[in-house]
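Happy to walk through this one with you.

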Amino acid sequence: MQLPDAEKLCEQLAAELAPKLGPKSAMIGLYTGGAWLAERLHKLLDMKSPLGLMDIAFYRDDYHEQGLHHDPKRTRIPFDVSGRDLLLVDDVLYTGRTVRAAMNELFDYGRPASISLVVLADRGGRQLPICAQYCGAKVAVPAGRRLSLTRAADGRLALALEPDRAE
Amino acid sequence: MQSNPQLNAKGELQHLLSIEGLPREIVTQILDTAESFAGVTEREVKKVPLLRGKSVFNLFFEPSTRTRTTFEIAAKRLSADVINLNIAASSQTKGESLLDTVANLSAMQADIFVVRHEASGAPYLVARHVKPHEHVINAGDGRHAHPTQGLLDLYTIRHFKKDFRGLTVAIVGDVLHSRVARSLIHGLTTLGAPEVRVIGPQTLVPTGVAALGVHVFHDMREGLKGCDVVVMLRLQNERMRGALLPSAQEYFKNYGLTLEKLSVAKPDAIVMHPGPMNRGVEIDSSVADGPHSVILPQVTFGIAVRMAVMSIVAGN
């Protein structure tokens, strides 16, 4: 099947976000795909506040079944989240569980004024009441497959379908 | 794989009993995970919900303040419930066996046992008898091992020196009675530190230690030459009463770390100590409080390392 061009979606998202940015805006990307996307958007939008990067491994709701995933990255949020209008960036929105974990982690850093969710692709299949405020494209994904973002050596982003690991 | 009592059938860490025999990937996994937890301990809210609803029992059959406290802080920062048992003052004095104590605590729905015991191998015995969902962490057994101390030492070295390749590490003092030294030597070997030295008087260096791949020195200045990392060991006062050492003054003269002796190490050498320190016996205050000392960061890192170990074993 034909997947949308991630590079085009990035530009489209940046254009959509640009007029919405205010003095209190700040961006946080979720490892790994969301961090790549956030790095790109942060640059395209020329944002003043530094970029935050988050690994939600310590807030996952499947820890008791899955244990800790290997090499969790260190969350680094180089600004005070309190009072900020946060753009939370992930590559693919699916069940909503990652976003739930990310919001829980964020509130351990402070009380943001608002959080908006930015995703490159929404594949449906939500298990929690979560939706994206900014979405590059809706993508139908066949059962048993995983949609994810890849980054080539030259930095080019692309969407890819892989066999799903567990489900 | 199954012969290693620390690993489950999938080769994952089930209990932490010793660094000896741990695959390099697991040691690295612990250090990497600790790195992420170090970020948590710098936040306003120093807690994550990972072990919510789990119970951690600190079983200390031997007195300890620092290790017990850092395990307690680590467990609390993972949102676990912590129960401290100072067994020296409880059932054991009434004659209950170690396994009976563990069976009773297990009946109280334990998830993790942190065990310190004066007998080498005691945590292995416990690990063999706990239920499959229960995990055992060795917090120091006899002269055998103190793996979380060894891991926090490795973490500290990696933090300041970035890479183990090319490092010269000296471990100084009472190696004979030190479970800390043994754990660190195994860890350094596993991670590929090319030159590990042991420095101490003949009476305090075990005869077989060279078989672990270390170089033995009895002259401190010679041993410290060109070192990147100097790990001082605590000289236990009780050793002084036996025939092993003449006196504290004599020991300090030969093996106490002073700025003058340290001057032959690399200019950017770091000095570590597992604590508690005997100032004026194995280390001079000018060094302990000086620019080379990373003794207090070690304590802070110890919390992140113990959070990593608990969250990895409890998830496997």
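**The sheet in chain A and some backbone details**

Q: In what order do the strands of the open sheet of 5 strands in chain A lie?
A: This is a predicted model. Its open sheet in chain A has 5 strands with parallel pairing. The edge strands, each pairing on one side only, are strand 2 (52-54) and strand 5 (134-138) of chain A. Neighbouring strands are turned by 25° against each other on average, direction ignored, and the order is 2-1-3-4-5.

Q: Which residue in strand 3 of chain A stands opposite A:I28?
A: Strand 1 (residues 25-30) and strand 3 (residues 85-93) of chain A run parallel and are joined by 5 bridges. Within strand 3 of chain A, the residue opposite A:I28 is A:L88.

Q: At about what angle does helix 2 of chain A run to strand 1 of chain A?
A: Helix 2 (residues 33-44) lies across strand 1, strand 2, strand 3 and strand 4 of chain A. Its angle to strand 1 of chain A is about 150°.

Q: Which residue is joined to A:T32 by a cis peptide bond?
A: A:T32 sits in the loop between strand 1 and helix 2 of chain A. The cis bond has an omega of about -5°, and the partner is A:Y31.

Q: Is A:D46 buried or exposed?
A: A:D46 belongs to the loop between helix 2 and strand 2 of chain A, and its phi is near 50°, a positive value in a residue other than glycine. A:D46 has 9 within 10 Å, so A:D46 is exposed.

Conventions
Residues are numbered from 1 along each chain as its sequence is written. Chains are lettered from A and ligands numbered from 1 in the order in which they are written. This is a predicted model: local features need pLDDT of at least 70, side-chain atom pairs count only at pLDDT 80 or more; totals for chains, interfaces and linings use all residues. Two strands pair if DSSP finds at least two bridges between them. Helices (H or I, at least four residues) and strands (E, at least two) are DSSP runs, numbered from the N terminus. Axes are lines fitted to C-alpha atoms, for helices over the stretch in contact, and angles run from 0 to 180 degrees between N-to-C directions. Two residues are in contact if their C-beta atoms, placed from the backbone, lie within 7 Å. A residue is buried if 20 or more other C-beta atoms lie within 10 Å of its own, exposed if 12 or fewer, and partly exposed in between; C-beta atoms are placed from the backbone.
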